[in-house]
Amino acid sequence: MSYICNGVFNLIRFRVVCLALLIHNGLAGKMKIVEEPNTFGLNNPFVAQGSRLQPKVTPSPISGPVHLHRLAGKCFSLTESAYKYEFCPFHNVTQHEQSFRWNAYSGILGIWQEWEIANNTFTGMWMRDGDTCGTRNRETKVVLVCSTSSKLAQVSEPSTCMYSLTFESPLVCHPHSLLVYPVLSEKQQKEWDEAEQARYEGLTTEQGYNNLLRDIFEDAGFLKGQKIKVKQPEFAGDLERHSSLEKCKGDFQKQQEEIKRLRALLTQHNIPFDSKSSETKGTVSVTEKDQRLRGDNGVLDQL
């Protein structure tokens, strides 16, 4: 009897061991291992390629104020609630859920694309084409604010899939540190000067002026290229659209010459006419315009 009991016990123990091995070998391969979030955005060379976050587009080239280019290659993080946000200037913005859940979220909130520009000032950095969010892609606007140190200070989501980051840095404390005009090439500055003069003389509308500026900013690499056809002013006696600012100025010069010829003809025949002319406007004060657009580059060189 004792022999039979020992045999049954050994059989049961053998089956338990076999069942344990089956569970270990059969199911362990199906378990998902939770990896530590990628703390270097898209820059971590220690993470296997298959585990890295996959961007949809390539970041735009570095552009804008030269003293901000030193931020390229660096990343700044901020943890709020259960999420860690990471901002890598001129590269990307990522979000990592700080959770032990097997499907914790880790994704891209935007890839560096272009500057936001208003009133001759760089007002923000746009990160677009992030991970899919419903019917659209996630995107982020980064606002630069003066501070004693460089850090990611605040993150919010004003609307679904649209994020807002506040980045603080001493590099933007000088009042002229974010001016656009000083960053342009000499050729682009000349084009802006001509656009300013054309607007002052009434040769182009406000919309036409803004379109000319956008073309300049696109050529400089500040905005993502999407050339907009410039709508030129129409004249009562000539409905032909001016294809460029140069042609517009040429046509204006011809009209001025024609006006002078007609005035001379009227004077020759003693016919009175209105002597008021837009010529009295003159040109925009170079000193006044330069003061407004160029800013003070001397202090920026010390940053």
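Student: Contact means heavy atoms within 4.5 Å. With a separation of 6 or more, what share of the contacts in the protein chain comes from residues 24 or more positions apart?
Tutor: They account for 50%. This is a predicted model: local features need pLDDT of at least 70, side-chain atom pairs count only at pLDDT 80 or more, and totals for chains, interfaces and linings use all residues. Residues are numbered from 1 along each chain as its sequence is written, and side-chain values use heavy atoms, with hydrogens and water left out.
Student: How many disulfides does the structure hold?
Tutor: Three, a disulfide being a pair of cysteine sulfur atoms within 2.5 Å. With bonded cysteines counted along the protein chain, the pattern is 1-2, 3-5, 4-6.
Student: Which cysteine does Cys133 pair with?
Tutor: Cys161, at 1.8 Å from S to S. The link is left-handed, with -55° about the S-S bond. Cys133 sits in strand β6 (residues 132-133) and Cys161 in the loop between β9 (151-159) and β10 (162-169), 28 residues apart. Strands (E, at least two residues) and helices (H or I, at least four) are DSSP runs, numbered from the N terminus.
Student: Are Cys133 and Cys161 buried or exposed?
Tutor: Both are buried. Buried means under 20% relative accessible area, exposed over 50%, partly exposed in between (1.4 Å probe, protein chains only).
Student: And Cys146 with Cys173, what is the angle about the S-S bond?
Tutor: 90°, right-handed. Cys146 counts as partly exposed at 43% relative accessibility, and Cys173 is partly exposed at 35%.
Student: Back to the overall fold: how many helices and strands?
Tutor: The protein chain has six helices and 10 strands.
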